[in-house]
Amino acid sequence: MLVGYLYYLHFHTDGAKAVTHSSSVNTSADNKSKVAYIDLDSLQDNYGYYQKLKTDFEHKQESANDQLAALQKKYQNRAMQLQQKAATMTQKEQAAAMEEINKMQQELQERKQKVDNDLYNENSKMKQDILTRIEDFLKTYNKDGKYSYIFSYEPGFMFYKDSTLNITPDVISGLNKLDSEKTK
């Protein structure tokens, strides 16, 4: 993204004068590159489909965490029961209790790993879905070729941005309109 912006700055000219770079290629004011950007924070805050997916994901995450917490509590209760009986157990019973605790701990770890993997995959799928929707929309939005580059802006990544190049409101409006038309 930064390279594209520097490219834009390098070849951006005032008026109709041509700019020549080291390979002797000329760029005139008529065919100079034009850039725009989308503010990702604003997009995330105002794109309805993103908000819906985020809410759904948070519910799944909360449910998974509740299931893990219940499993953890069950494990801890059973371990405490076995520890309280340990003094009256035979050596064989103690070995069986230890085996049961180890098995429960392993099951808990495996379940946590599976939940983490499932949530990670779900989150990746969600991000890819949103990215695809944005890219597809931008292909239509920029059908006239008005922009050579459309970047995403994230706070802390760029030191300066010209707000006249911000197309975020158009993109949010267009994406929300597309989604509302799909649901009709």
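Tutor: Lys 146 is partly exposed, with a relative accessible area of 48%; buried means under 20% relative accessible area, exposed over 50%, and partly exposed in between, using a 1.4 Å probe and protein chains only. This is a predicted model, in which local features need pLDDT of at least 70 and side-chain atom pairs count only at pLDDT 80 or more, while totals for chains, interfaces and linings use all residues. Residues are numbered from 1 along each chain as its sequence is written, and side-chain values use heavy atoms, with hydrogens and water left out.

Lys 146 sits in the loop between H4 and S4. Helices (H or I, at least four residues) and strands (E, at least two) are DSSP runs, numbered from the N terminus. Although Lys 146 and Ser 33 are 113 residues apart along the chain, their C-alpha atoms are separated by 8.9 Å.

The loop between H4 and S4 also holds Asn 142. With a relative accessible area of 16%, Asn 142 is buried. A polar atom of the Asn 142 side chain lies 3.1 Å from the backbone nitrogen of Lys 146. Leaving aside neighbours within four places in sequence, Asn 142 is in contact (heavy atoms within 4.5 Å) with Tyr 147 and Ile 150.

Now follow the chain back into H4, which covers residues 91–141. Its 51 residues, at 1.5 Å a residue, should span 75 Å, and the end C-alpha atoms of H4 are 74 Å apart, which agrees; the expected span is 1.5 Å times one less than the number of residues. The buried residues of H4 include Ala 97, Leu 108, Met 126 and Phe 137. Those buried residues pack against strand S3 (35–39), helix H2 (40–46), helix H3 (48–85), strand S4 (149–153) and H5.

Let's look at H4 with H5 in detail. Two packed helices are described by the angle between their axes and the distance between the axes. H4 and H5 (residues 168–183) pack at an angle of about 105°, and their axes are 10 Å apart. Axes are lines fitted to C-alpha atoms, for helices over the stretch in contact, and angles run from 0 to 180 degrees between N-to-C directions. H4 and H5 are therefore roughly perpendicular to each other, a label used for angles of 65 to 115 degrees. On the H4 side, the contact is made by Arg 133, Ile 134, Phe 137, Leu 138 and Tyr 141; the H5 residues include Val 171, Leu 175 and Lys 182. By class, this contact has seven nonpolar, one polar and four charged residues. Here Ala, Val, Leu, Ile, Met, Phe, Trp, Tyr, Cys and Pro count as nonpolar, Asp, Glu, Lys and Arg as charged, and the others, Gly among them, as polar.

H5 also contains Thr 168, which counts as buried at 2% relative accessibility. The side chains of Thr 168 and Asn 166 make a polar contact (2.5 Å). A polar contact is a pair of N or O atoms within 3.5 Å; within protein, one must be able to donate a hydrogen and the other to accept it, and residues adjacent in sequence count only if both atoms are side-chain atoms. Not counting residues up to four places away in sequence, Thr 168 touches Tyr 37, Ile 38, Asp 39, Ser 42 and Leu 43.

Key: Parallel < 35°, antiparallel > 145°, perpendicular 65-115°, else oblique.
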